[in-house]
Amino acid sequence: MPDIHIVVLAAGKGTRMKSAVPKVLHQVCGLPMIEHVLRSGDALRPTSTTVVVGHGADLVRDKLATRPSVSLVVQEPQLGTGHALLQAERPLAGRRGTLVVLSGDAPLLRPGTLERLVDTHTAKGAAATVLTASVADPTGYGRIVRQDGAIVSIVEHRDASAEIRRIGEINSSIYAFDLELLFGALRSIGSENAQREYYLPDLVRLYRKRGLGVETVVLDDPSEILGVNSRSELAVVSAHLRDRKNEELMSAGVTIVDPAGTWIEPDVSVGPDSVLHPGVYLQGRTTIGARCELQSSVRIVDSVLGDDVFVNSFCVIVESRVRSAARIGPFAHIRPQSDVGEDAHVGNFVELKKTVLGRGSKANHLAYLGDATIGEKVNIGAGTITANYDGTRKHPTTIGDGAFIGVDTMLIAPITVGDGARTGAGSVVTRDVPAGKLAVGVPARIREPRAKLDPSAEGPSKGPLDTNA
């Protein structure tokens, strides 16, 4: 197999997008459009990848900084697709093999289609191979003109006669070329057409005149070459990718109650026998374990959920871990760097930020827990707050195993509540509470737990402790 090189044409402005953002950077299912294209190309294990940029070149360069092996060249001015490809001559100088040309605004192309294109090109020893498709409405696309079954030319819609416009086979703008022949031929292309541009498809006619082999590969699924030129088309291709991902997961044993209303990005994984209800949105590199249930309108971003996790409706989990058999929500917010332990409960209107909630611990109602490390089997009463910010810096709160934090407790960080310690309802705790002790009052004072109090001591007969679980 000869070396494979890839060039992605991504210089277009995308006027109909009506956006200051380069068209190829618009998001499709959580990734820039061009990232989908590059991932398809990655399947070929190319020796080199070059992206031709133009409008918003600096923005595209910044976005592709995570791909240091990708070379960028600038097309300026923009004089058509043939002129765009010619800009890649310098980084490809002295190279041999097969050049695959991709369109930066066609994110639905499957890796297997590109492998088929390259295999056909190589097996036939062609100078050029064109990926084509037959569609019901070819308006706007270049038409494939054949003679005795062989391709002889590609005619752009604007330049086509009425007869040629009736042809239903279209050009995908995706090609494989013999690299040694390519750039010399590109310099021979003229601009005698309606747009006064240098059309890359004109190479087909040129090669045929020179007696060089030109082949085609016809797509089985024309949706793979859908391009994006407007916001409406952006929505269409996004829906295609959503459906593709949902079908992949359902085939692997995941129940998706409403596939049309469930959005799962490409890098997400979901374990078997998990159930996703309507309105679930899974983003980034999220991993969901087996037998989980995500109720309606749950959003999870770059997070890991263990097996048997239940997330009730209207919860947001971002850059965090939720361990097996934990229960979250409804209306809970798990912010970055949080870790919810096995069999822990985070209830309604509870917010965690950079907090570890230990195994079997519970924060069931109306609490803010920030910069906290909470041990196992801890009960956090309703209305508890870790006051972690002093106006200048964030400070930690540590709560030991088996502690009981009464309702409306305010813990003024930095502070430590020891193993088995308790706080009374409404307490403002400003100092550490030793293990096994009780803190109660405003400001809280340290007392013996209720079971050890002298019966003759002053205080309410019920005792100072909150009993809310």
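Predicted model: local features only at pLDDT ≥ 70, side-chain atom pairs only at ≥ 80, totals over all residues.
Biologist: Is Ala65 buried or exposed?

Modeller: Exposed is the word used when the relative accessible area is over 50%. Ala65 has a relative accessible area of 54%, so Ala65 is exposed.

Biologist: How far apart are Ala65 and Met17, in sequence and in space?

Modeller: They are 48 residues apart in sequence, and their C-alpha atoms are 24 Å apart in space. Now set that beside another pair: Gly97 and Asp3 are 94 residues apart in sequence, with 4.7 Å from C-alpha to C-alpha.

Biologist: Where does Gly97 lie, and what does Gly97 touch?

Modeller: Gly97 lies in the loop between α3 (81-86) and β6 (98-103). Leaving out residues up to four places away in sequence, Gly97 touches Pro2, Asp3, Phe177, Asp178 and Leu179. Gly97 counts as buried because its relative accessibility is 17%, and buried means under 20%.

Biologist: Let us turn to helices. How do the axes of α6 and α7 cross?

Modeller: Find helix α6 at residues 179-186 and helix α7 at residues 202-209; their axes come within 11 Å and cross at roughly 105°. Angles from 65 to 115 degrees count as roughly perpendicular, and α6 and α7 are therefore roughly perpendicular to each other.

Biologist: Which residues meet where α6 and α7 come together?

Modeller: From α6 come Leu181, Leu182, Ala185 and Leu186, and they meet Leu203, Leu206 and Tyr207 of α7.

Biologist: Which residues of α7 are buried, and what covers them?

Modeller: Asp202, Leu203, Val204, Leu206 and Tyr207 are the buried residues of α7. Their cover includes α6 along with the strands β7 (128-134), β9 (150-155), β10 (169-178) and β11 (214-218). Just after α7, look for Gly211, which takes a positive phi of about 75°.

Biologist: Now for charges. How many salt bridges does a search of the whole structure find?

Modeller: The search finds 19 salt bridges. To read one, look for a side-chain nitrogen of Lys or Arg within 4 Å of a carboxyl oxygen of Asp or Glu. Asp243 and Arg242 give an example, at 2.9 Å from N to O. Asp243 counts as partly exposed at 40% relative accessibility, whereas Arg242 counts as buried at 11%.

Biologist: Which parts of the chain does the salt bridge of Glu351 and Arg335 tie together?

Modeller: The N to O distance in that salt bridge is 2.7 Å. Glu351 lies in strand β27 (residues 345-353) and Arg335 in the loop between β25 (333-334) and β26 (339-340), so the pair ties together parts that are 16 residues apart in sequence. Both ends are partly exposed, Glu351 at 24% and Arg335 at 28%.

Biologist: What does Lys353, also in strand β27, pair with?

Modeller: Lys353 meets Asp371 in a salt bridge, 2.6 Å from N to O. This pair links distant parts of the chain, 18 residues apart, with Asp371 in the loop between β29 and β30 (372-374) and Lys353 in strand β27. Asp371 is buried at 13% relative accessible area, and Lys353 counts as buried at 10%. Elsewhere, salt bridges that share partners join Glu35, Arg39, Asp42, Arg67, Asp267 and Arg285 into one network.

Biologist: To finish with the surface, which residues form a nonpolar patch there?

Modeller: Phe314, Phe331, Phe349 and Leu366 form the patch, and together they have about 420 Å² of accessible area. Leu366 is in strand β29 (residues 362-370), and its relative accessible area of 51% makes Leu366 exposed.

Technical notes:
Residues numbered from 1 in each chain as written. Heavy atoms only, no water. Patch = residues over 30% accessible without salt bridge, like charges linked within 9 Å, V, L, I, M, F, W, Y side chains within 5 Å. Areas by Shrake-Rupley, 256 points an atom, 1.4 Å probe, with all protein chains shown as cover. Helix = DSSP H or I, 4+ residues; strand = E, 2+ residues; numbered from the N terminus. Buried < 20%, exposed > 50% of the residue type's maximum accessible area, 1.4 Å probe, protein only. Axes fitted to C-alpha atoms, helices over the stretch in contact; angles between N-to-C directions. Parallel < 35°, antiparallel > 145°, perpendicular 65-115°, else oblique. Contact = heavy atoms within 4.5 Å.
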